[in-house]
Amino acid sequence: PGATARPKAGMACLIQRVFAVRQPDGEAGTRLPVGHTAFSWQSSPLARSPGHTAFSWLHAWVDPAEFPDAVGCSPAATETRLASAELRCAAVRTNMPEPLPPGVARCRAALGHARACGAVLWRAPPTYYSWKLAERARFLGAPVDTLCKSLVLVNTALPADAPVTEDPSTSRFIMVVLQYVSRLDTDRLGKSLRAHAPAGFSSAHRLAVAAEADSAVLTAYGHNAVTPPGCQTAIPVVVSEAIADLASARPGASVWLGGGHVDVKLRMPVAELLRAGALFPVVGAPLVLRCTDPRSDADAED
């Protein structure tokens, strides 16, 4: 599709490992074990409305004439085909031609390194940030509460030469992912970080939005392009609890973040966003904290 085309509908599916085995008596056919397979989709480039379908199956005999590939399929062959399928599922979809802008290419490479499933990098029109949130959501085919942003914060209570650490409670700089429909509460976030700080860490937590120059050095992304995957520095990530709650309320929910370029948006399943190692180069899982309040004037901000 063109750069301003809306994402097309489709379906994301969960692949379950299924191994075919011969009948114990040696008769022709293959016995499939008891199992369960589920398909989920939601408003995004993958579909226009949320939903979930599941079906279960019991032991069944497969006719070798009808399913020749299933009969006698070795574990090694099954693993090979499964690995190929997993790679295809982890491929990052995009509506942009190659070569991608440098920041977007770095973001995509990080997602690929982390095998982040369900990720989409989608170019929006240059007028995207002049639109109201409802218009942006309509373009992306997503609920308004799934539109998110990533902010780099600095703990000004720490010395200027304090390092960036893996633990957000001790790091001078952290990245916070929050919804546009929410307002960051730095006091609440500071208290939550103090509660998670290791014994012996006595510094206070006075948090403020980092200078744009510091953010650019740490992430190598510009304004409205900042995103956790592919940052220049392995900066620790905090995800608002309200985002994690989306997955509880709507299983399979995804959020939209910056995509490494001001005109590019990254769609990422919440489950992947919270998975350890999915936000390469960050190694661990993001820390989920209650750090925001609802707001009614979200359109006043980029």
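View 1. Among the elements covering the buried residues of α2 are β8 (120-123) and β15. Everything here is a predicted model, where local features need pLDDT of at least 70, side-chain atom pairs count only at pLDDT 80 or more, and totals for chains, interfaces and linings use all residues. Residues are numbered from 1 along each chain as its sequence is written, and side-chain values use heavy atoms, with hydrogens and water left out. Helices (H or I, at least four residues) and strands (E, at least two) are DSSP runs, numbered from the N terminus.

View 2. Buried means under 20% relative accessible area, exposed over 50%, and partly exposed in between (1.4 Å probe, protein chains only). In α2, Gly103, Val104, Cys107, Ala110 and Leu111 are buried. Looking down the axis of α2, these buried residues fall within an arc of 125°, so they line one face of the helix; the arc is that of the directions from the helix axis to the C-beta atoms. On the face turned away from the buried side sit the exposed residues Pro102 and His113.

**View 3. The largest nonpolar core.** A nonpolar core is a set of buried Ala, Val, Leu, Ile, Met, Phe, Trp, Tyr and Cys residues joined through side-chain atoms within 4.5 Å. The largest one has 37 residues, and Leu111, Leu121, Ile243, Val255, Leu266, Met268 and Leu273 touch the most other members. Elements giving two or more residues to this core include α2 (102-113), β14 (254-258) and β15 (264-269). A second, separate core of 13 residues includes Trp122, Phe139, Leu140 and Trp256.

**View 4. Who meets Met268?** Which residues is Met268 in contact with, leaving aside its neighbours within four places in sequence? They are Leu111, Ala116, Ser254, Val255, Leu273, Ala278 and Leu279, where contact means heavy atoms within 4.5 Å.

**View 5. His205 in its loop.** You'll find His205 in the loop between α4 (186-196) and β12 (207-209). His205 is buried, with a relative accessible area of 8%. A polar atom of its side chain lies 2.7 Å from the backbone oxygen of Ser169. Beyond neighbours within four places in sequence, His205 is in contact with Asn155, Ser169, Gly190, Leu193 and Arg194.

**View 6. Confidence along the chain.** pLDDT is the predictor's confidence in each residue, from 0 to 100. The protein chain averages 80, but over residues 1-62 the pLDDT is below 50. Where pLDDT is low, the predicted coordinates should not be read in detail.

Note on methods
A polar contact is a pair of N or O atoms within 3.5 Å; within protein, one must be able to donate a hydrogen and the other to accept it, and residues adjacent in sequence count only if both atoms are side-chain atoms.
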